[in-house]
Amino acid sequence: MKNIRNRALALVLALVLLTGLLSGCGQEEDPIQEAFGFPGDTVMLTVDGNDVTASDLMYWMAYNADYIAQYYQTIGQEIDWSATLGGSQPVGEYVKEQSRQTAILYSTVTAHTAAAGYSFDPDDADYKVQFEEAKENMGGQEEFQRFLKEMCLTEDSFHAVNSVALVYQHMQEGICRKGGEYEPSQEELKQYVADKDLLSARHILLMTKDPQTNEALSQEQAAEKKTKAEGFVSQLQAIEDPKQRSDKFNELMKANSEDSGLASYPNGYLFGAGEMVEEFEEATRGLEIGQVSGIVESNYGYHIILRDDPTQSEELLNSWAETKMQDLSNEWVTEAVVEDKEAFTNLDVADFYAKLTAYRDSLQAEDEGQEDTNSGEDANSGKEDGGQAGDSQESDPQAPAQEGGKPEDGGTPDSKPDGDSQ
């Protein structure tokens, strides 16, 4: 019914899977050196005096370049890094600037969260669960390792990435919620609601179409639903005490509502203009806070709506905190003193992606060679035991790694890049 994303989860995933700040210092492996011929600790730029190394930057370069490559693949053309897509900036410069801006953002976030006293515990139980889930979503340990290699990362780098994401969230919760430096006043929340034109409501939905087939119910079935809805309206509107009315609404909603979003949003929806079906939005606007509607009919079915105070919504507090933290991080970036180093200035995106592609091809060749070796060893082992090739064995030969399985870190873009820096 409403396309609401889980803001907190989206933030974590974006930072966990799509971030830089990957220090290459002190690591035995240096995928940057192997792929591009220069050390991962090469300084590409400084942000407020803090070094941003090649290891900090190259993941973002790979991510943004893959985004462009996949776009060209969908339209069946070879990549033209000098072309412009939807803006005045050449594609190569778009990739380079996007990566630079992201590195600046995460460098400032790291510095400010550390200065504020927020740190990361690698033994955090919640983090360990998220990490295991991330590996599972990628297809398991083997695909996870493949992903790291293809993106020129190490496992230590991946953990460092997660620490930035979680510390950012911890700071947001610490300074933008109750008791924090930026805890919102009631007046600020009211102004936030007014500025964004936000509404809050719960509803009981009795559907007039089959949720599986999307086909309309028969007239008799729809009439039964309407009669049932009318009964709910009568019960609710007969209750004068707002608290009792709200409690009764919750009782009826949990027992009868056919809204598939109820499990995710048990306390109702916070929404802005155009985010809900028109009939729902208009009916909500016509109610006073705490008032229950009559039957509101939409393409989904029959709604009974209770309008709530958005300033009391937990989702509003999350939204406000996220917006405030974004404003702060934007200020940090705007005020940052950035110095590009020669290594970054001379970086050519077309050359970078050609080397990255060649590196990935070499990794693929190594994988295939290892698979052939393992298969041959297993086949010979079977013959030595008296078996014939193709016979069923106690242990099957090692299966080749599954294709795909890595996170959607560079999915086919829905629209052309506009060439503007974030």
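These notes describe a predicted model of one protein, going from the whole chain to particular contacts.

1. Overall make-up. The protein has 422 residues, and 44% of them count as buried. Its secondary structure consists of 14 helices and seven strands.

2. Surface and contacts. Among contacts with a separation of 6 or more, 73% are between residues 24 or more positions apart.

3. The largest nonpolar core. This core holds 67 residues. Those touching the most other members are Phe-36, Met-44, Met-58, Ile-68, Trp-81, Phe-147 and Phe-352. Helix α3, residues 54-74, gives the core its largest share, with 14 residues. Another core lies apart from this one and has 15 residues, including Met-253, Leu-262, Val-292 and Tyr-302.

4. Phe-352. Which residues does Phe-352 contact, leaving aside its neighbours within four places in sequence? They are Phe-36, Met-58, Met-61, Ala-62, Ala-65 and Leu-347. Two of these partners, Phe-36 and Met-58, are also listed with Phe-352 among the core residues that touch the most other members.

5. Leu-356. This residue is in helix α14, which covers residues 349-384. Leu-356 has a relative accessible area of 0%, so it counts as buried; the cut-off for that is under 20%. Not counting residues up to four places away in sequence, Leu-356 touches Phe-36, Ala-62, Glu-150 and Cys-152. Of these, Cys-152 is 204 residues from Leu-356 along the chain, yet their C-alpha atoms are separated by 8.7 Å. Phe-36 and Ala-62 are contacts of Phe-352 as well as of Leu-356.

6. Helices α8 and α12. Two packed helices are described by the angle between their axes and the distance between the axes. For α8 (residues 186-196) and α12 (residues 314-335), the axes come within 11 Å and cross at roughly 85 degrees. Angles from 65 to 115 degrees count as roughly perpendicular, so α8 is roughly perpendicular to α12.

7. Residues at that crossing. On the α8 side the contact involves Glu-188, Leu-189, Tyr-192, Val-193 and Lys-196. They meet Leu-316, Leu-317, Ser-319, Trp-320 and Thr-323 of α12. How many of the residues in this contact are nonpolar, polar and charged? Six are nonpolar, two are polar and two are charged.

Notes:
Residues are numbered from 1 along each chain as its sequence is written. This is a predicted model: local features need pLDDT of at least 70, side-chain atom pairs count only at pLDDT 80 or more; totals for chains, interfaces and linings use all residues. Side-chain values use heavy atoms; hydrogens and water are left out. A nonpolar core is a set of buried Ala, Val, Leu, Ile, Met, Phe, Trp, Tyr and Cys residues joined through side-chain atoms within 4.5 Å. Buried means under 20% relative accessible area, exposed over 50%, partly exposed in between (1.4 Å probe, protein chains only). Helices (H or I, at least four residues) and strands (E, at least two) are DSSP runs, numbered from the N terminus. Contact means heavy atoms within 4.5 Å. Axes are lines fitted to C-alpha atoms, for helices over the stretch in contact, and angles run from 0 to 180 degrees between N-to-C directions. Angles under 35 degrees count as roughly parallel, over 145 as roughly antiparallel, 65 to 115 as roughly perpendicular and the rest as oblique. Ala, Val, Leu, Ile, Met, Phe, Trp, Tyr, Cys and Pro count as nonpolar, Asp, Glu, Lys and Arg as charged, and the others, Gly among them, as polar.
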